Amino acid sequence: MKRLFINSSGDIGIGEEPEPRIDSYEVLIKVKACSICGGDIKIYKSVREKIREIDTPFPLKGHEWSGEIVEVGSKITDFKIGDRVARCFANYCGFCINCRLGMPNFCIGIEHEEHSGGFAEFVKFYIPPSGGRGLYKIPEGISYEEAALAEPGTCAIGAVLKANVNPGDFVAVIGLGGLGQLITQRLSAYGGYTIGIDINENKLARASKWCKYVINSSLEDPVEKVKEITQGVGADIVFEVVGIETTWIQAIEMLRMGGRLIMVGVFTEPTKRFVLDRIFRKNITIIPSKGPSPLITPQGEPLIWRDLRDGIIKPSLIYDVFPVERANEAFYKQAYGDVAKGVIKFD
Ligand SMILES: [Zn+2]
Ligand SMILES: [Zn+2]
């Protein structure tokens, strides 16, 4: 079957590998769509920019996918062939220390590999016999492309829930890639004043449809601008969705006294000039939000399905869809161009 690979020069190509074989607790899914995560882009850029050397093509896994079940293991009762499904979050056991401490997104209790990666024609997924699973059927009316954003959408909802937003709050979001866009859409349901910040005009133009303000931080000082919008006070809440030092410093500086910083961006570089003293003196609370928590409604469906159905999150206004043959272009444009979120479509 086809799988996306990154080669030593940093280009994305389509390679061949054996189709996955399932065991009794697994299902096999024909992938329909897989979206590109910021994490995938970090790998891509590190190879392209020669930060990381690889001599053999490196398979890309992809964890934001949707598809149709084509085979079920003998012990599977919840799913059948033909079901439309998507990965909404990671499996969790419910019993390990992290699950017991209320952090199922950090579950360490399941040894079985969860899934084989969605940048391929087929993906297998493990349904744990006890505990919670991250695979769900896609409700009618939600497309495969939209459902591919179920996992980052769940990340966005979780991050916003942690921020404890109140109506009237000034909430800045630095970084309007896929996750930043999803966060700003979710925030729009709270009646706050959302301020989208990025250096890319196209991403800002998208976000301006649901943000009260947008700031191009390559043209204006975002700290000064946020101060101006908030009458000199600073933002109540800032989401940092980039994961570099410059934007972290901006986040700290644009917060009001006693504000909250929601840490969403993934740091891969060591920090050199970060001054912890500013956090101390501004009495800032830092709230990390890593990965999707299993957020499920009282009715038993992933919260993301409700958001999609109610039109709170509208992925089609965020993503650009590319056929698998154009995967290299999708990665390039998401890393360096106008694409906020690339969705790779497999047929
Ligand atoms: Zn992701
Ligand atoms: Zn666990």
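This is a predicted model: local features need pLDDT of at least 70, side-chain atom pairs count only at pLDDT 80 or more; totals for chains, interfaces and linings use all residues.

1. Let me start with the metal. Which residues hold the zinc ion (ligand 2)? The donors are the SG atoms of Cys93, Cys96, Cys99 and Cys107, at 2.3 to 2.4 Å. Along the chain, these donors follow the spacing C-x2-C-x2-C-x7-C.

2. Staying with the zinc ion (ligand 2), the geometry is worth a look. The angles subtended by its four donor atoms run from 103 to 116°, so the arrangement is tetrahedral. For reference, the ideal angle for four tetrahedral donors is 109.5 degrees.

3. Now to the helix pairs. Two packed helices are described by the angle between their axes and the distance between the axes. Helix H1 (residues 38–48) packs against helix H11 (residues 327–336) at an angle of about 95°, and their axes are 10 Å apart. H1 is therefore roughly perpendicular to H11, given that 65 to 115 degrees counts as such. On the H1 side the contact involves Gly38, Asp40, Ile41, Tyr44, Lys45 and Arg48; these meet Asn328, Phe331, Tyr332, Gln334, Ala335 and Tyr336 of H11. Sorted by class, this contact has six nonpolar, three polar and three charged residues.

4. Next come helix H4 (residues 150–163) and helix H5 (residues 178–187), whose axes come within 9 Å and cross at roughly 55°. The two helices are therefore oblique to each other, and the crossing is right-handed. H4 contributes Pro152, Gly153, Cys155, Ala156, Ile157, Ala159, Val160 and Leu161 to the contact, while H5 contributes Leu179, Leu182, Ile183, Arg186 and Leu187. What is the make-up of this contact by class? There are 11 nonpolar residues, with one polar and one charged.

5. Pro222, Val223, Val226 and Lys227 of H7 make the contact with Gln250, Glu253 and Met254 of H8. By class, four nonpolar, one polar and two charged residues take part.

6. Glu253 deserves a point to itself. Leaving aside residues up to four places away in sequence, Glu253 touches Val223, Lys227, Arg278 and Lys282. How far is Glu253 from Glu224, in sequence and in space? The two are 29 residues apart along the chain, and 9.2 Å apart from C-alpha to C-alpha.

7. Most residues other than glycine have a negative phi. Lys50, in the loop between H1 and strand E4 (58–59), has a positive phi near 60°. Asn283 likewise has a positive phi, of about 55°, although it is not a glycine. Where does Asn283 lie? Its place is the loop between helix H9 (276–281) and strand E14 (285–288).

Key
Residues are numbered from 1 along each chain as its sequence is written. Chains are lettered from A and ligands numbered from 1 in the order in which they are written. Side-chain values use heavy atoms; hydrogens and water are left out. Contact means heavy atoms within 4.5 Å. Helices (H or I, at least four residues) and strands (E, at least two) are DSSP runs, numbered from the N terminus. Ala, Val, Leu, Ile, Met, Phe, Trp, Tyr, Cys and Pro count as nonpolar, Asp, Glu, Lys and Arg as charged, and the others, Gly among them, as polar. Donors are N, O and S atoms within 2.8 Å of the metal (3.2 Å for Na, K and Ca); water is not among the atoms, so sites may look incomplete. Four donors count as tetrahedral if all angles lie between 85 and 135 degrees; four count as square planar and six as octahedral if opposite donors are over 155 degrees apart and all others between 65 and 115; anything else is irregular. Axes are lines fitted to C-alpha atoms, for helices over the stretch in contact, and angles run from 0 to 180 degrees between N-to-C directions. Angles under 35 degrees count as roughly parallel, over 145 as roughly antiparallel, 65 to 115 as roughly perpendicular and the rest as oblique. A crossing is left-handed if the near helix is turned anticlockwise from the far one by less than a right angle, and right-handed if clockwise.
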